[in-house]
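Please read these notes with the structure open beside you.

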Amino acid sequence: MHLPNIEDSLASWPPLARLVRNLSRRDFLKFTTIAGSGLTLGVVVPAVAKNGGLTVLGIEGTPGDYSTPFVRIDTDNTVTVICKHVEAGQGVWTGLPAVVAEELDASWSQMRAESSPAQVPTYGNFAFGPKGNVQGTGGSTSMANSWDQLRHAGAFARAMLVQAAANNWKVPAAEITVSEGVVAHSSGKKATFGELAAAAGKLPIPKDVKLKDPSQFKLIGTEKRLPRLDSHSKSTGTQTFAIDVMLPDMMTAMVLRPPRFGAKVQSIDPAAAKAVPGVVAVVQIPRGVAVVARDTWSAKKGREALQVVWDESGAEKRGTDALFKEYRQISGGADAVKVEQKGDAAGAFQKAAKVLDFEFEFPYLAHAPMEPLTAAAKLSPGKCEIWAGCQFQTIDQANAAQAAGLRPDQVTIYTLAAGGTFGRRANPESDYIVEAVSIAKAMGTPNPVKLIWTREDDITGGRYRPATYHHVKAGLSQDGKLVAVEQHVVNQSIMAGTPFAGMMKDGVDPTSVEGGTSEQYEVENAHVTWTQAKVGVPILWWRSVGHTHTAFVKEVVADELAAAAGQDPVAYRLSLLEEHPRSAAVLKLAAEKAGWDKPFPTGKAGNGSFRGRGVAVHESFGTVVAHIVEVTVTDGSVKVDRVVTAVDCGIAVTPDVVRAQMQSGIGYGLSAALYGKISLTDGRVDQSNFHQYRVLRINEMPRVIEIHIVPSTNAPSGVGEPGTPPIAPAVANAIRAATGIKLRKLPFDLAAAKAMKT
Amino acid sequence: MAIKLTVNNQPQELDVDPQMPLLWAIRDHLQLTGTKFGCGMALCGACTVHIDGQPTRSCVTPVSAAAGKSVTTIEGLSGPAGKAVQEAWVGLDVPQCGYCQSGQIMSASALLTANPKPTDADIDAAMSGNICRCATYARIRAAIHKAADSLPAKS
């Protein structure tokens, strides 16, 4: 998601305002160490200077408390990187330790990763704003945000280990070398980090350290294999997710939620639910009615038996067909707000030799992570503990505090590995966490409560990628040059009405329009508007957010403009990218590796099949990705045979993780292109589980995926999301090349598109 | 009456609702949490265990149907195919979020036990019931082939 500087808007949001502390000065690169029982070396970045002295935020008045380092070197010779970002599959438990290991000259085998506590600004996300007042993972920012901090953390730790060795051996520090986790001197003296950790922890902090020049990197960016630190636990069933949390006397809860968004409880008859063996309580909470039981099966059976009458007077009762009809009507209308106005679009259209007109529709999409939303909450006097795959730790902390009637600092967050999230667990109301806390509070007993959403809860429960409508007009000159673009976007705002509303500029939600045509391609005349739809369906950022639809529009339009201009799709794009050299370079690399200049047998391929090749390039979250795909279309069904990907993400810290994220982004995007759709009839969600909300399976994954990483010495950007936006348009363009069918709605329905005049 | 079954070679007695899915019996009552809940309708494969060696969706299998049988979960996976699969999974860094991988590994090891040298079509047939939202499918396929390469062909 796109979250530049959210702090100021968040600081005024009541639940969080209590959390944000006034800092007199934040001294980014000063360090403090705390030797926990004299055995370990802790390095804290940044430490907070208070009253001229160094303290560590969050543990004031508790000397010796050792809860907030970035790197911990234990006497058992392990080096643990404390990760402030959630590991949800994107590989931060590998990428972040790699940054530390590099500057520390550690051996990869001694590296470990663990989640940090929820604590700002120590663990704030500085990509969300310079004050670090929000801890969270999103917008593919984890590596970019931690890069500088963790390089320094590694370098300082190294310097202190070296100094400890120099003191022990009575030799100059400059004569000491460090390699693969061994500190050595030419005299033959050697020591491990673990052997030096206690002594190092007692040393003063060096004033400054020199970071490596990228040419000196031995681990980062090299093809030396850095195995994921979580592969073993995730291949043996030993990784603990929130759903696996088992606490003494813990109860399991499920919540019956309204059948339509916005409905409220009118009356509850708990008798049948309470009669189910194992059910211990039925409690009303703000979001519905919870059945609390001794195990999951009892909770589920109890919920099935529960009788609730809903007051649906304030509920959203429109269906998605009606919504899209309305979106078309309000597009570019009286309520449209200006996103961009440059040149003279109206005049340019009048002079244009050709004007092409496009309408696109994108459905609501559920994130559907494999681990449904789950959180465990334990309340005790003056204290609340949360176990979850938290994606917005301090927002979750603040929301949990409000639900529990406590202060945020009385809420302890244990961030566990998330079984996927794709944005779903980063929501401003912390829905599932607040439910767990509310249930525990309503119970009024000391029992910890584990809330489990079923798959049906997940698919029907809202917080979808907003349904979106685009209307685009593009004008071409006689020689095919793009001279004017008009683009009108209609959807619900993700930010309006949330703590993120302060990030909206001039009434525009950036997450609705980011990645638009006139933003990423050069055009002299542009008129872009956005109209906020008011719908009672809860929405959220979904892997790559606004780019999920803007990239499709931009790249399908670009392809059809190239065709209208009689030009090659790659060459045409390059002509629009003269001021976007990174995008141009990525596109060229993909084209070269895919053999774009070689003839491709487009069209009828025998057996009633058609083959086609398509391209798309898009920048999101500071990373540029181009995909070139080859498809076979048979009886309206699409098989993606080959994907050639080029990516520029700055320094690829762990190239194999970058490749994994490109593969993942491709697969996630293909699910949406081919199948993904949440529709509503009279306000009720039509889909309930994977039989109706289809997702990509192994037999549908492209058999050939080739990924090429652009060499770079720029600081790293993210890779979790950017692989997703360009895959659907690349496939749509390949389908058009193969069959002539122009796709204007997702998911793809070739028969419907063929019947529709465009 | 308690239901008697064997789980990971240990005899167990479960005094639970006979209709309780095996998934919840082994997770909630035996604290074997490696087996995951994903859909509850045998649509995603996250809950796959072996019952008498056969890959089975435990989320739709009543615990009573496993009475007297031998259940193997990811925690008890052993034998040459299981070990080869797990080694290949780690060797190729298959997992991302990892939540579905227990089920993927149980399906893959059952496939290799029955068919030590599967073709891509065999892999599609055996593995298409296991969803991975991180789309680790390319690596799952590669890891199954890698595991197969490390196993002797069935005599």
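1. Of the 155 residues in chain B, 59% are buried. A residue counts as buried if 20 or more other C-beta atoms lie within 10 Å of its own, as exposed if 12 or fewer do, and as partly exposed in between, with C-beta atoms placed from the backbone.

2. This is a predicted model, in which local features need pLDDT of at least 70 and side-chain atom pairs count only at pLDDT 80 or more, while totals for chains, interfaces and linings use all residues. Residues are numbered from 1 along each chain as its sequence is written, and chains are lettered from A and ligands numbered from 1 in the order in which they are written.

3. Chain B holds five helices and five strands. Helices (H or I, at least four residues) and strands (E, at least two) are DSSP runs, numbered from the N terminus. Read from that end, the elements of chain B follow the order β-β-α-β-β-β-α-α-α-α. The radius of gyration of chain B, taken over C-alpha atoms, is 15 Å, close to the 15 Å that the globule rule gives for 155 residues, so chain B is as compact as a globular protein of that length. The globule rule is 2.2 Å times the number of residues to the power 0.38. The C-alpha trace of chain B spans about 45 × 35 × 25 Å along its principal axes.

4. Two residues are in contact if their C-beta atoms, placed from the backbone, lie within 7 Å. Among the contacts in chain B with a separation of 6 or more, 63% are between residues 24 or more positions apart.

5. Where the chains meet, 47 residues of chain A and 43 residues of chain B take part in the contact. On the side of chain A that touches chain B, helix 6 (231-235), helix 8 (296-305) and helix 19 (655-674) each supply at least two residues. Helix 19 of chain A gives the largest share, seven residues.

6. Chain A has an open sheet of three strands in the order 8-9-10, with antiparallel pairing. Two strands pair if DSSP finds at least two bridges between them. Strand 8 (176-179) and strand 10 (190-192) of chain A are the edge strands, each pairing on one side only. Strand 9 (residues 182-185) of chain A is joined to strand 10 of chain A by three bridges, and Ala184(A) stands opposite Lys190(A) in strand 10 of chain A.
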